[in-house]
Each structure stands twice: as structure tokens, then as C-alpha cells.
Amino acid sequence: MFVRESVLVGGRPLTFETGRLAKQAHGAILISFGESQCLVTAVSTSERPGLDFFPLTCEYVEKTYAAGKIPGGFFKREGRLRDYEILASRIMDRPLRPLFPEGYKLDTQIIATVLSADRVNPTDVLALTAASAALSISDIPWNGPIAGIRVARVDGALVSYPTFEQIERADIELVVAASRDAIVMVEGGANEATEEEIIDALMFAHAECQPIIDMIEKLRQAVGKEKRPFSIPKLDESIKQRIAAIADAPLREACVIRAKHARYDAYAAVKKNVIETLTAELGAEAFLAVEKLVKEEIEERKAVVVRNMVLDTGKRIDGRATADIRPISCEVGLLARTHGSALFQRGETQSIVTATLGTSGDEQKIDALTGESWKQFMLHYNFPPFSTGETKPMRGPGRREIGHGALAERALVRMIPSHDKFPYTIRVVSEILESNGSSSMASVCGGTLALMDAGVPIRKPVAGIAMGLITEDERVAILSDILGDEDHLGDMDFKVCGTDKGITAIQMDIKIAGLSRSVLERALAQARDGRLHILGKMLETMQAARPEISRWAPRITSIQVKPDQIRIIIGPGGKTIKGITEQTGCSVDINDDGTVNVAGSDPEAVKRALSIIEGLVAEPEVGKVYKGVIKRIVDFGAFIEILPNNEALLHVSEIDYKRIGHPSDVFQEGDTVEVKCISVERDGKVRLSRKALLPVPEGYEPRPEGERPPRRESREGGRGDRDRGGDRGDRPRRERRDR
């Protein structure tokens, strides 16, 4: 059944269509906004035996034909997902995954394919919204719908589904996923926004999502399929009670052990004891039939014990109170040859972060549907397996690493100085050496210190903190600086980054329905207190950026030339600029606005390169003396190259105080002569004088100003043609003037 429905969002139609495309998928939606269109399909097949996790895969794929482009490279077809596509895939996965029923293990795949890109409207939030609609109308068990929306504050006003141009001008930009009753996911950044401003944007986003959710419900009523039956085996209630009786007391003792691996060993001992006890009581054969359910119940008991301990006593796994921050230590400059380095440790989470400065030749080229662009600041996050005491293959960065790096980059990028003030390409790399929660936030803190150590004049230091939430009925506990276990067992993972003034990045995943504004306000206020505490510890180590960049970093010096002088520096076929590079060993980068950046590790070489460039683009100045080469001799004077590519006239009357019959009586082409610039006309013509540099002859009387010089005689001794007569027919204009 073909159905098309529309709803107005921000005054523009958002259109859903189903029943025409991809009809064999279990659910398929074509979503359109402006001329951007995205097809999203949802399919759930069979269960793979032995899996202890939900195999959900979300894929966001941009086809280059959507923007009328052909892929670059040798193969001329789309390859592995780019970072932007991976981040968009995560935006889909994070809010959709918690809404599948617990215990659902069927292979499920959601694919969003961008079919048309108008280069005006982003398609990532369209994919999230369409994925919700596709799951809602399918027979796949799912507790939706939700809607995805991007909110930006542009010129002080909140805008839903902003264009790319509006996003560029926004000081707050958030991607929000919301259900009927609650916000379930947030991802975004801001230019030091206050907590109140962020909450206002979230509430605005939730309200804007409601008409979209109404439309999805309308679609489900029109074409939705009946959900397939789904049930999971359940453990007998008597066995559950027995597990609680055996495990709860030792779990309470184990969960207050501060050291991560010692705590995990204690958990494992409790688990082993429960399994051995139940095997003896039930018999080996009977226990094997329920072994998987027993192990799941032990994990459930651990969550119950920890949550109740926090809510009842206010004490957490490692003994901290809810608002306490783990011990922090910072160190800078620990790596000898990097441009900047820092070691940031918070509890059992440790990150070593480096900052590297490069030239414009190191910028990352981004080939997106919206066109090509260049990235001057990059932050990469690496999570090797040894950081958690594990082993696994290392096959490049995973989606989690790309996502955490993007969050840390978003937190810092607004504090990086503009390229015209600090013309470097900057790469920050965070290597996680130990992990027990909040490693992405350690990357933000370590990244700030590494940049300062490298001498990058950041606007303000930035710190990050991960918050958690545990709720039960009316009881609420907000946790600062959460551990890995608290992230897993809690109801919210809430990361906030910012300066002492406001928020620069935020990421939130909520696992419960109905988070009130008051709880959000409390969480953000507690996060601010924690962030300021962490900033204070960082500033104890380093108050401000170093006054000079590392001696190992390239020195970049910028000068400004006129845009029409760029061709002079480049030269024919790039010959001139290549020559400068070969002579000095420096790299020379030129922007279209005439900014010339000269980079090199040797200060003297940089000076030589700058001297060459300044000489190429220098313009004559009145009163300045030049040494030039005579390029051409004519009857009325000589043309002298006083600057590269700049010839000026030395008139015959300015060669000497005595009368000169012809310039060739004094000069030959190729001679070097010292002259003084006596005038620069509006049209750019330059007049030179040699006699102004000669001693004035005794008795010389300068000609009164305005008096014409005497007409010179020809080289044969007679007067010029104009005074000797001649064929008047050769001079019709002169003849008419005489008449």
C-alpha cells in the first residue's frame, strides 16, 4: 500500500513515503526535506545461536550520485564509510538500540541510503527519523516511535532542522532524539553556552519532535504490520530468590572494592560460588538447562545491589559520595620530541595526549556531498586493548573510537585560535593507557594541556566530565565522574565539556522514559561544579599556553600581499615558488586573499624566504634609492628594472646635470645603475633620477619649476624633426593644431 504524508517542521514540509520502494524490506521509508531524500530500511532475520548480545547494525551511506558527483580515486565507486557516515550511523544506533525489547537477539540491520542531497539540508537527522518510522511500520518488536531533530540557535533564535548555512552561524547546535515523553539522546556543541540555554534548546527540540511523532503514529495506523511474537525464557522465581540469597551479601562487599581488577575478581568469585551451589542443589543436568539464565540473573543482582547501595546510602562502588571526583594528576612536556604532550590521570583512567603542529600542506581534505573542504584541527582517540587488561586484534579505529574522538574534537575546536592568527594545522592524538570510565573526557582534559604545552594560544582551557544517573521510583542519584560499571548499570550517560564560562560540547544517552527539566537542571549544575574542579587541577599544572611554540615545530611567518601579486610569487608554471623552496628549504603557502605563510624549522631560512618574497612584491617608494639593471634604451631615456618585474623610466633629462645627447652615450643595456625614485603616478608609472644622486655642479642653477626644458638637438647636431620641418603629411594632427 503506497502512502505519502507530510508534516510542517520549522515552516517547511517533512515528507514520509512508503509502499513504493524496497518493498521486500520489513520496513522502508523514503523521507524528504527540501530536495534532500534518504531511504531507510529495517530488516530483522534469524537468531545466531550462542550470542549474548543484540546484533543490531546501523549503517548510514551517502551515495555520491546524490549530489551529482563521481567518486574520486582509482575504483570510482563508494568504499568504506567515511568518518562523517560513521558518526551519523552512531546517531541512529544510540537512541534506537535501547528501545528494542530486552533479550531480543535476532540479527537486525537498519540501512539509511542518501539518494538525493541538495547541499542545503543535512540528512543525518532525517535518517534517524526515517529509521524510527521504518521500525514502527515493520513487524519488528520495538518500543518506539521517536523523532530525530537538529536544533540550532542562530542570531539568538532557536531553529529546527537548520540549513548548513545556519549551522555555520549558530552558537548552539544540538542533535536530539525524543520520544513522546522524554529526550533519549543528545549530541552537540556550543560556544560556551550556559546550562540554562542548553536546557531551553532541549525543551524546544522535544516540543518540535511531537508533530513528527504524531505523523509516524499516523503512518503506523495506516500501513503498520502486526508485531511478530517475541518471548524469552524466564528463570523460575524460586531460583531467582535463591540466587539473591547466595549472592547479594558478598556482592555488597565486593562492590566497595576500589581497585577495578580486584573488584572484578571478587565479582567472579561470587559468580563461581553461585554456580557451584546451584549445580549441587539442582543437579548438573538441571543446572545446564538454566545456566545461561542463571548467569544473566547474577548480573542483574549485581546491578540491583549497586543501585540500591547508591540510592540508600549515597555511597558508590569505589566509596565516593555522589558528587566526588576521583583523584587527578597532570603532567606536561613528558615526551622529548613531540611539539606538545600531556599525561592526564583521573582515578584508573589515564590518557597520554600529544599535539602536533603542521602547515597548510597537512590539512585534511574532506570530500563530502556538500563539496570539498579542508580541516585544520583534528583530534584522534585510540583505545588499545591493554588499557583494560585485554587482548584483541588491532584493525584500525572502530566506531566507538571515531565517536569519542569526534566528541573531544567538538569540545576543543571552538577554543582553537583562528587560522589568520595562528596559521598552523593542528593534530591532537589521545592514547588511552588505562580505562575505567570517562576516557573521552580524559582526552579533552589532556588535549587542552597538550595544546598549551605546544604553545597554541587557545582561547580558554576546556575540561570534560562524565555524569551518571540512577533512579528508582521517586529516588534520584546524580553521579559525577562515573566509572565504567556505573555507566553500564545506570540510567544515563551524560558527558559535558566546557570552560569556566560555559558548555562547548555535550553528549547524552538516556535509558529511561521521562526525565524532567528539574533533574536535567540538577545534573548540569552538578556537572558544572565537577568541571570547574577539574579545570582547577589542570591549571595548577599549567596556567596558560607557553609563550613560544616547540623548537621542533615549524615556524610559520605570515605576510600580506596584494591578490594580484600572487602570480608574481608563483611564477610561470610555479617556477618562482619552487625556486624559493629549493633555495631555502621552506614551504610557501599562498591563500587567495594574499596571505603568504612561510614555514620552516630554521629561522634563518624563513627570513631568507621572506626576503625573497618581499623583494618580488615590493613597490617603488618616492625618495628611495635603488640599484637597477638597464633593460632597454630609447631615445628619451632608459628603462631600469629597480625591483623584480618592475621597470621604471629614467628620463634623459634626469641622467646628469649636463645635457645628454642620447642615453646610449652614457649607458649600455645590462649596466647596473644607482637611481632615486622621484615620483609614482596614479597610473603606476614610476620616474627615476640619476642626477639627484650626483653632486650639484658649481654654479648650477635649477630651472624654474614649470619651465619647459630646451629642445634637444638630434645626434647629428641639428634640431629634432619637429623643428626642422619635414613632410607635414606625415603629421596631420600637428598641422591641424598649428592652424
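Predicted model: local features only at pLDDT ≥ 70, side-chain atom pairs only at ≥ 80, totals over all residues.
Lys460 sits in the loop that runs between helix H9 (439-453) and strand E18 (463-472).

- With a relative accessible area of 27%, Lys460 is partly exposed.
- Lys460 is 12 residues from Glu472 in sequence, and their C-alpha atoms are 39 Å apart in space.
- Beyond its neighbours within four places in sequence, Lys460 is in contact with Glu192, Met415, Thr499, Asp500 and Lys501.

**Glu62 in strand E5**
- Strand E5 (residues 56-62) is where you will find Glu62.
- Glu62 has a relative accessible area of 6%, so it counts as buried, the cut-off being under 20%.
- A polar contact of 3.0 Å links the side chain of Glu62 to the side chain of Tyr60.
- If you set aside neighbours within four places in sequence, the residues in contact with Glu62 are Glu78, Arg82, Tyr84, Glu85, Val114, Thr123 and Leu369.

**Helices H13 and H14**
- Helix H13 (residues 575-584) packs with helix H14 (residues 603-617) at an angle of about 155 degrees, and their axes are 9 Å apart.
- Angles over 145 degrees count as roughly antiparallel, and H13 and H14 are therefore roughly antiparallel to each other.
- The two helices, H13 and H14, have a right-handed crossing.
- On the H13 side, the contact is made by Thr576, Ile580, Gln583 and Thr584, while H14 brings Ala605, Arg608, Ala609, Ile612, Ile613 and Leu616.
- Sorted by class, the residues in this contact of H13 with H14 are six nonpolar, three polar and one charged.

Notes: Residues numbered from 1 in each chain as written. Heavy atoms only, no water. Axes fitted to C-alpha atoms, helices over the stretch in contact; angles between N-to-C directions. Helix = DSSP H or I, 4+ residues; strand = E, 2+ residues; numbered from the N terminus. Parallel < 35°, antiparallel > 145°, perpendicular 65-115°, else oblique. Left-handed = near helix turned anticlockwise from the far one by under 90°. Contact = heavy atoms within 4.5 Å. Nonpolar A, V, L, I, M, F, W, Y, C, P; charged D, E, K, R; others polar. Buried < 20%, exposed > 50% of the residue type's maximum accessible area, 1.4 Å probe, protein only. Polar contact = N/O pair within 3.5 Å; in protein donor to acceptor, adjacent residues only side chain to side chain.
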